[in-house]
Protein chains: 2
Amino acid sequence: MNTVSETIARKGRLAGNVLKTISNESRSKLLLKIHDGLKANAGSIRAANKLDLELAEKSQLADSLYKRLDLFKGDKFETMLVGIKDVAELEDPVGKVKLARQLDEGLNLYQVTAPVGVLLVIFESRPEVIANITSLAIKSGNAAILKGGKESVNTFREISRIINSVITENELALGIPSGVIQLIETRQDVSDLLQQDQYIDLVVPRGSNALVRQIKSSTKIPVLGHADGICSIFLDHEASLNVAKRITLDAKTSYPAGCNAVETILIHPEMPEWWEVLKNLSKAGNVKLHVTKDVKDAYLSKLNEDSQSSGYFQSFIVDIDESSDFDKEFLSLDCAVKFVESTEEAVSHINVHSSKHTDAIITENKKNAEFFLKGVDSSGVYWNASTRFADGFRYGFGTEVGISTSKIHARGPVGLDGLVSYQYQLRGSGQVASDYVGSGGNKAFIHKNLDITGIQL
Amino acid sequence: MNTVSETIARKGRLAGNVLKTISNESRSKLLLKIHDGLKANAGSIRAANKLDLELAEKSQLADSLYKRLDLFKGDKFETMLVGIKDVAELEDPVGKVKLARQLDEGLNLYQVTAPVGVLLVIFESRPEVIANITSLAIKSGNAAILKGGKESVNTFREISRIINSVITENELALGIPSGVIQLIETRQDVSDLLQQDQYIDLVVPRGSNALVRQIKSSTKIPVLGHADGICSIFLDHEASLNVAKRITLDAKTSYPAGCNAVETILIHPEMPEWWEVLKNLSKAGNVKLHVTKDVKDAYLSKLNEDSQSSGYFQSFIVDIDESSDFDKEFLSLDCAVKFVESTEEAVSHINVHSSKHTDAIITENKKNAEFFLKGVDSSGVYWNASTRFADGFRYGFGTEVGISTSKIHARGPVGLDGLVSYQYQLRGSGQVASDYVGSGGNKAFIHKNLDITGIQL
C-alpha cells in the first residue's frame, strides 16, 4: 500500500523523468509563463499574503520575521518576478558535454550534465523563495517537492496554485507535467518524505542549524546544505594591521547572523600591534571577545598602558569556555580569540574546530598563505579577504541554491551547477566488449580525447 | 573516552590533513618507494600468501576464490608492482584549477580540486587490491582505512606491514605520516568505523550486493559504489538484427557475474526477426529466457514454423515472475524478456526497474536513440554498444576505484577523479564584503572568467 508521502515522492519521480527529456527552450518558456501568471494574479497573492500577515500579527511574531513575510513591501514582488525571468535566461545547465573521448572508430564516450532528479527543498518563511526555487528546479530539469515555513502558508499555497495551473495549461504545448512542482505543508510530510530515498535524490534544507542537523540525522538521502557556519580568521605574524582590522570587523559585524560571519580569531602573538584588532572590534563593532588566558594577560597588559581607556576595552572581554566556544556559531557580536604560534597550528585548530565552511588567513607572507590554502580542509579557503564573500551572488553564480559544507558533490556556495550531476553517453555502431584486449579479444582501445569546444549532442 | 574505531578514524583524519599539503612529487616518490619495498620483500609476502592458501585449502574454499587468493599465480605479483608505478606516473588529480574568476581588482576566485579526505575501503579477497587502493589513495591525497576479505588476511597483513614501514622510513624525507594507510581486520571494526562520520568522508565498498546494501543502510557517510547492476537493452523496431544479436550475446554471456551484464531485454514487437535474437542467446550463449506471456506466445508460434528445432529452443524458455524478475540481478545465464511498444515505454520500464547502472538502446533510428539517451536516468546510457563497456579501464580512466550508481558526486565507472572534490580559494588584497553593492557598499563586482589553461597556483 502506498503511503501519502510515497505517492508524492513517486509523482515527483515520474514528473522528473519526463522533465529530464524537455528542451531548455520549453523549460525556459514555462518559466516565462509562470512569470506572467504570477504577475496577472498579483491580486490574489496579495490577499493570501495579507492573511498571513494578519495571522502573524495575532500571534505576535517577531518584527524581523514579520517583515520577511510581507511580499509586497517595497519592490519585493517585482524583484521576485524579475528573478524568474533572470533564471529563464541563464545558460542551460543540462546537456553540457564535460568530456568527450574516442574509445574506438565509431565508439565515442561523452560525459554529459544531467539533472539530479527529484529535490526535496525545505525553506524559511520568505514568500518569494518559492518562486526562486521553482525557477531553479525547472531550469535545471529537476522535479521539486517544496515545504516552506508555516507562517507563509497562505501565500505559498496561492503561489503554488498559480504555478501549477500555469503548468497544467501549458502541459499539452510544452509537455511538462504538473507533478514537477509539489507543495507540502506539514513537518510530518517532511519527515515521511525523508524516508523516500527510493524516489528523492537530494534534500536541500535552508533554515536554522537545528533544522538542518535534524534533517541530516534522519535521512539516507544526500543533504546539500550546512548546519553550522563556524568560520575562522588567522592573523599571521606578517599580517597587515590595516587589512586585519578591516577584514575582522567586516567578517564579524556586517551580518553576524550570516553563516559566513567569523566566529574565531586566531592570532600569532608576534603580529605587530595585534591588540589594535581587538580594540577595533570592540570600539567600532561592539564585539564581545571570548579570550583565552594568555590572550587576556597579554591584552590587559597592553590596555593598561593607557589607563584612561583600559576600563572601556576591558568591559568587552570575557573568559573563554575552551570546551565549547571554539565549536560554537555565536550568530551574535561575540567572538572567540586564541593565540597560535604558527600557520601549522592555525591550520590544525581550524581542521579540528571549523565546520568546513570558510576560513581565512591574513598575511603578507606568501609561503604561509599557500600552506594555509592547501592545508585547511574547508569549502572556502581565503587569503586576505573577508569570509563574508562566501556567497553565490558574490561568486558570480547569478543565483544560489544554498551553501554546502559536505565534502562531496557540491561544496561552498552552490549555484545551478549543484542541481545537476552527469551521465556517460556511449554512442557506438554495434561494438561488443569481448572484441577488445582484456576481455578475450584483440582490438585495442584508442582512448583519444576529443575537443569539447562547441560540441552539441 | 575514545573507542578503538574513533582512534583509528581520528588518526586517519590527522594523517589525511597532513597528506593534503604534500606535493605530487612527494606522493609519487612514496609510491615508488612502496613499489621497491614490496619488490624487495617478495619472499615474506609469498610466505604469508602461502599461509592463506593453505588455510583456504583446509577450509575447502571454492576453486574460483582459491585462484583469486594466489598472488604469485602467473605474473599477478609483477602486474601489481607495475600498477603502483603506473599510478605514480598519472597526472596529479589534486590542485587542478577548474574555474578562475576575477571578482574585482586583486580579488580572484579559484575552484581547485582537493582530496576528499579519509576513505574507508572494503574489498574482496584479492591480495593485489590492497596495493592498488593504497596507490590510488596516496596519489589522490586521501588517507585510507582498508579492510580486505578475511581469506587473504595474512597476505594483507604482510603487505600492509611493508607499506607502513616504507612510509615510516620516509616520513622525515617526504613528510607523509604512517596513519595515511591503516589496515583493519574484522567486520566489527568496519561496523564501528561506519559510525565515525565525523572523521570519515567516503566509504568505498567493493564486493557482493548484500555487503554493499548492508553498508549503505548502516552509515551516514556517503557511499561510492553499487549494490545491484540491473542493466537493460532495448531492441527498437529499427534495430539492426546483426547488431542486436552480437550485443545481447556479449552483454549477457561474456561475463554474466559482472555488474554491467544485461539482465533484461526489452523488445519492440515490430522489430524484424526479433526471435532470432532470442534463438541466438540460447544457442550460442546457453541463456535461459524468462519471458512474459505475450513474448512466449509470439516466440512459440515462430519456433513452431520449424518443428525440428522448436523443442530445442523451447527448452530455454521459462515463464517470467513479473513481480520480481525485472528487479533481479541474475548474475547467471538468465535473462528477463518483455515486449514494449515504444521507446517511451522502454524508458519508463528502465527508469522504474533498472539500478541506474547502464542501459542501452539498439536502433538505427536517431530520434529514438536521442530520446532514450535523454530519458533514461542511469549513469550509463548507450546507443548501439554493449553494456559491458561500463568499466573504468574501457573508458580510459587508467584505473578504476569502483562503479557508482549514486545520483550525485561520481557516477558510473569512477577513476581517480572520484576521490577528489574541490575547494574555493579566494585570493584577495584586503577586500571586505560590505564595500560592495548588495551589502551596503557601492563597489560593483567584475565577475570576469579567467582563462584556466596552464594556470598554476
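**Entry 1: contact.** I count a contact when heavy atoms lie within 4.5 Å. On that rule the contact takes 74 residues from chain B and 73 residues from chain A. I note that the model is predicted: local features need pLDDT of at least 70, side-chain atom pairs count only at pLDDT 80 or more, and totals for chains, interfaces and linings use all residues. Residues are numbered from 1 along each chain as its sequence is written, chains are lettered from A and ligands numbered from 1 in the order in which they are written, and side-chain values use heavy atoms, with hydrogens and water left out.

**Entry 2: buried area.** I looked up the buried area (accessible area, 1.4 Å probe, that two parts lose on being put together, summed over both). Chain B and chain A bury about 6500 Å² between them, 53% of it on carbon and sulfur atoms. On the chain B side, B:Phe389, B:Ile408 and B:Tyr424 lose the most area to chain A, together 10% of what that side buries.

**Entry 3: polar links.** For a polar contact I take a pair of N or O atoms within 3.5 Å; within protein, one must be able to donate a hydrogen and the other to accept it, and residues adjacent in sequence count only if both atoms are side-chain atoms. Between chain B and chain A I find 59 residue pairs in polar contact, both residues at pLDDT 80 or more. Which element gives the largest share of the side of chain B that touches chain A? Strand 16 of chain B does, with eleven residues. Helices and strands here are DSSP runs (helices H or I, at least four residues; strands E, at least two), numbered from the N terminus.

**Entry 4: salt bridges.** My rule is a side-chain nitrogen of Lys or Arg within 4 Å of a carboxyl oxygen of Asp or Glu. It finds eight across the interface of chain B and chain A. One of the pairs is B:Lys407 with A:Asp201, closest N and O atoms 3.2 Å apart. Over all chains the structure holds 48 salt bridges. Among them is A:Glu124 with A:Arg206, at 3.7 Å between the closest N and O atoms. A:Glu124 sits in the loop between strand 3 and helix 6 of chain A, and A:Arg206 in the loop between strand 6 and helix 10, so the pair ties together parts 82 residues apart in sequence.

**Entry 5: sheet.** Two strands pair if DSSP finds at least two bridges between them. Eleven strands form an open sheet with mixed pairing, in the order 10(A)-9(A)-11(A)-8(A)-7(A)-12(A)-13(A)-16(B)-2(B)-1(B)-17(B). I checked the edges: strand 10 (317-319) of chain A and strand 17 (448-449) of chain B each pair on one side only. Strand 2 and strand 16 of chain B pair antiparallel over eight bridges. B:Ala114 stands opposite B:Ser421 in strand 16 of chain B. Strand 16 of chain A runs parallel to strand 13 of chain B, joined by five bridges. A:Tyr424 stands opposite B:Gly380 there.
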